[in-house]
Amino acid sequence: MTDDPSEHPVVLLVEDDGLLLMEASDTLAEAGFTVLEAAHADKALTVLEGRTDVGVLMTDVDMPQGSMDGFALARLVSRRWPGIPVLVVSGMGFPGPNDMPDGARFISKPYQPSALVRTLRAVVGAA
C-alpha cells in the first residue's frame with residue numbers, strides 16, 4: 001500500500017437528499033476515499049475556497065437549495081479549479097449537449113454502490 005494521495009483522493013460530495021448523501025458518503029468512505037459533504041452548491045463552493053486537497057467533485061443535479069444546480073456547479077468548478085475532475089449524478093434524466101464541462105462524467109440514479117466507486121475511480125484516473 002502506498003501513500004499516494006491519488007489512490008484515495010478527497011471527494012467533495014454534493015447532494016441535497018440527506019439519505020442519499022449518507023449512503024454515497026458511506027460507500028465512498030468504505031472504498032477508501034476521504035469524503036467532504038455539502039448539501040448544495042453554495043456550501044460546496046465554500047468548501048473549495050477553504051481547502052486545497054479536494055481531488056474530485058461528485059454532484060447531484062437537482063438541488064433546490066443554493067444558487068445553482070449541479071450542472072452549473074460542475075461548469076464553475078471546471079473553470080475555477082481545472083485540476084478537479086467532475087462526476088455528475090442525476091435521477092432526473094440525462095445531460096444536454098451543453099450541460100456538462102469537457103471531461104466530466106455522468107451516471108444516472110439509482111446506481112449500484114460498486115458502479116459509483118468504479119466510475120469515480122475512472123474519473124480520478126482520467127484527470
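Student: How many aromatic pairs does the count come to?
Tutor: The count comes to 1 aromatic pair. Keep in mind that this is a predicted model.

Student: Is the pair of Phe94 and Phe106 stacked, edge-to-face or tilted, and why?
Tutor: The ring planes of Phe94 and Phe106 stand at 55°, so the pair is tilted. Stacked needs under 30 degrees, and edge-to-face needs over 60. The ring centres are 5.6 Å apart.

Student: Where in the chain do the two residues of the pair sit?
Tutor: Phe94 is in the loop between β4 and β5, and Phe106 is in strand β5. They are 12 residues apart, and the pair links distant parts of the chain.

Student: Phe94: buried or exposed? And Phe106?
Tutor: Phe94 is exposed, at 67% relative accessible area. Phe106 is buried, at 17%; the cut-off for buried is under 20%.

Student: What stands opposite Phe106 in β5?
Tutor: Val88 does. Strand β4, residues 86-90, runs parallel to β5, and 4 bridges join them.

Student: New topic. What is the strand order in the sheet?
Tutor: β2-β1-β3-β4-β5, in an open sheet of 5 strands with parallel pairing.

Student: Which strands stand at the edges?
Tutor: β2 (34-38) and β5 (105-108). Each has a single partner strand, so one side of each lacks a neighbour in the sheet.

Student: How are neighbouring strands turned against each other?
Tutor: By 20° on average, ignoring direction.

Student: Which strands does helix α2 touch?
Tutor: Helix α2 (residues 41-50) packs on the sheet and touches β1, β2 and β3. Its direction makes about 160° with that of β1.

Student: And helix α3, which strands does that touch?
Tutor: Helix α3 (residues 70-80) touches β1, β3 and β4. The direction of α3 makes about 160° with that of β3.

Terms used:
Residues numbered from 1 in each chain as written. Predicted model: local features only at pLDDT ≥ 70, side-chain atom pairs only at ≥ 80, totals over all residues. Heavy atoms only, no water. Pairing = 2+ DSSP bridges. Axes fitted to C-alpha atoms, helices over the stretch in contact; angles between N-to-C directions. Contact = heavy atoms within 4.5 Å. Phe/Tyr/Trp six-rings, centres within 6.5 Å; stacked < 30°, edge-to-face > 60°. Buried < 20%, exposed > 50% of the residue type's maximum accessible area, 1.4 Å probe, protein only.
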